[in-house]
Amino acid sequence: MDINRNNYETFFLNYLDRELSPADRQSVEKFISENADLQKEFLLLQQTILSPTDIIFEPKTSLFREEEKRRIIPFYRARIAAAVAVLILGSWYMRTIVFKNNVRNLSGKVPIEARKNNVVKENKSPAVVSHVIKTHGDAKKNSTINPVVKKQDRSYSRLNKEPEDQVASKKSSSALEIQSADSQTGINPEQIPTVSGTQTQVLVIVAKKSNDPVQNERAALKEQDFQSDDAISVVGLNDRNKAIAGFFKKLTKRAPADENARKLRVSVFQISY
Amino acid sequence: MTAEEYNDCVKLYADGLYRFMLKSTRQTEDARDLVQSSFEKLWEHRTDVNVLKSKSYLFTIGYHKMIDLNRKNSRIEFRETIPDQTVQTQRNTPRLKELLEKALNRLNERQRALVLLKDYEGYTYEEIAEITGLNITQVKVTLHRARLILKEWLVSVEHVL
């Protein structure tokens, strides 16, 4: 549409609003120059255009913002920290385990791992033959006594179910007595030793206090100079050599006043039959 | 939009937005509050706003906030009924710029806003339509009517002068 005297006002306004193409702008300028009576109206419309004013928003600084600062730990530092934490926890755990094992060994108890190994081996040969060996003499003399032997088919896994209070009652024994699994109420599961070799069978020997005065009199293991604080023993039965080999272990103290003077005594014996 | 880009928007557009608000409301405190709230909203939605669209986003927020405020306070009707005594008292200093500032009082809310957006900020019809939510034809018609009102008022003042 070309500009004419009927539509010039719209063209003038579009021209002042800078909404016309360059070609249309030239046509409007040409129309104004050719129609002098409309120049005043064009100038009046031009005067309605607001000119920029210097208005400043003074509190501009109040609008500025900053991101919340977050401390970002580099990934490699996190990995180093995790590694150090694992090392510390691992060393602490290992020290705890070793300490507990040492304490148990000193008190005549067998580590948990050893007990587990024992159970596993029992599963390999469930038909275990246990023997009853009663002795009332010195450990050295025990080697000359022919033991009474009984056979029984109980698994040692049952032994592990004995409660702890029964074990504690046996730790104050003054005489050693070799018992079979038939008297399991007197067996301390924590005293089951580690057995090496698949051919070896195990007997459990526990310390037991006897009320029989005759037995007490004949209890050569009761030493006069030492108070037995705890005693366990381990017996290995060798079917090939027809012999029972083992050792007695006692943790003793010399006098009540000397609590720290504990001493571990071990006696080795072998019984042939 | 990062915080740095937002602060650049403050430097570039705070004065223009304040001018637009001040000319629209003619209340300094209202204009400042509108600018503050507009930039507050821009900051809240900075992650969703394109930097290139930040100015129109600001003016869109400001325009609608100004409309809401004016409707709430009903100040527009009051101001349009203000007599032209101020013009008469300034007869001895009839400057065109001041006359035009006064002439804006004769426009309604929408006409004034569109004239301000067109003349001060240089927005096109299409951009003004995006900001105000009107279509291009409405923008064009409204602006042309506003120009004619201003022209007639200027003619009448010239006769008085």
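A residue is called buried here when its relative accessible area is under 20%, exposed when that area is over 50%, and partly exposed in between. The model described below is a predicted one.

## The contact between the chains

Chain B and chain A bury about 3400 Å² between them, and 60% of this area is on carbon and sulfur atoms. Chain B brings 41 residues to the contact and chain A brings 29 residues. On the chain B side, B:Asp15, B:Arg147 and B:Lys151 lose the most area to chain A, and together they make up 16% of what that side buries.

Charged pairs also cross this boundary. Five salt bridges are found across the interface of chain B and chain A. One pair is B:Asp15 with A:Lys60, whose side chains meet in a salt bridge with an N to O distance of 3.0 Å. B:Asp15 belongs to helix α1 of chain B and A:Lys60 to the loop between α3 and α4 of chain A, so the pair joins two chains. Both B:Asp15 and A:Lys60 are buried. Another salt bridge links A:Glu19 with B:Lys118, where the closest N and O atoms are 2.6 Å apart.

## Salt bridges in the whole structure

Over all chains, the structure holds 10 salt bridges. The table gives some of them.

| Salt bridge | Closest N and O atoms |
|---|---|
| A:Arg5 and A:Asp37 | 2.6 Å |
| B:Asp119 and B:Arg147 | 2.6 Å |
| A:Glu19 and B:Lys118 | 2.6 Å |

In chain B, B:Asp119 forms a salt bridge with B:Arg147. B:Asp119 is in helix α7 and B:Arg147 is in helix α9, so this pair ties together parts of chain B that are 28 residues apart in sequence. Are these two residues buried or exposed? B:Asp119 is buried, because its relative accessible area is 10%, and that of B:Arg147 is 1%, so B:Arg147 is buried as well. Salt bridges with shared partners join A:Asp17, B:Asp119 and B:Arg147 into one network.

Side chains of opposite charge can pair when their charged atoms come close.

## Nonpolar cores

The largest nonpolar core has 51 residues, and B:Phe20 and B:Phe39 touch the most other members. Several helices of chain B each supply at least two residues of this core: α1 (3–25), α2 (28–44), α3 (54–73), α6 (96–103), α7 (109–119), α8 (125–132) and α9 (136–160). Of the contributions to this core, that of α1(B) is the most, with 10 residues. Leaving out residues up to four places away in sequence, B:Phe20 touches B:Phe59, B:Tyr63, B:Met66, B:Ala113, B:Leu116 and B:Leu117. Another core, of 14 residues, lies apart from the largest one, and its members include A:Phe11, A:Phe31, A:Ile32 and A:Leu45.

In soluble globular proteins, nonpolar side chains tend to be buried together.

## Other local features

Two arginines have a positive phi. For A:Arg18, a residue other than glycine, phi is near 60°. A:Arg18 is placed in the loop between α1 and α2 of chain A, and with a relative accessible area of 48% A:Arg18 is partly exposed. For B:Arg26, also a residue other than glycine, phi is near 55°. B:Arg26 sits in the loop between α1 and α2 of chain B and counts as partly exposed at 28% relative accessibility.

B:Arg71 is part of helix α3 of chain B. This residue is exposed, with a relative accessible area of 60%. B:Arg71 and B:Glu109 are 38 residues apart in sequence, and their C-alpha atoms are 9.6 Å apart in space.

Conventions. Residues are numbered from 1 along each chain as its sequence is written. Chains are lettered from A and ligands numbered from 1 in the order in which they are written. This is a predicted model: local features need pLDDT of at least 70, side-chain atom pairs count only at pLDDT 80 or more; totals for chains, interfaces and linings use all residues. Side-chain values use heavy atoms; hydrogens and water are left out. A nonpolar core is a set of buried Ala, Val, Leu, Ile, Met, Phe, Trp, Tyr and Cys residues joined through side-chain atoms within 4.5 Å. Buried means under 20% relative accessible area, exposed over 50%, partly exposed in between (1.4 Å probe, protein chains only). Helices (H or I, at least four residues) and strands (E, at least two) are DSSP runs, numbered from the N terminus. Contact means heavy atoms within 4.5 Å. Buried area is the accessible area (1.4 Å probe) that two parts lose on being put together, summed over both. A salt bridge is a side-chain nitrogen of Lys or Arg within 4 Å of a carboxyl oxygen of Asp or Glu.
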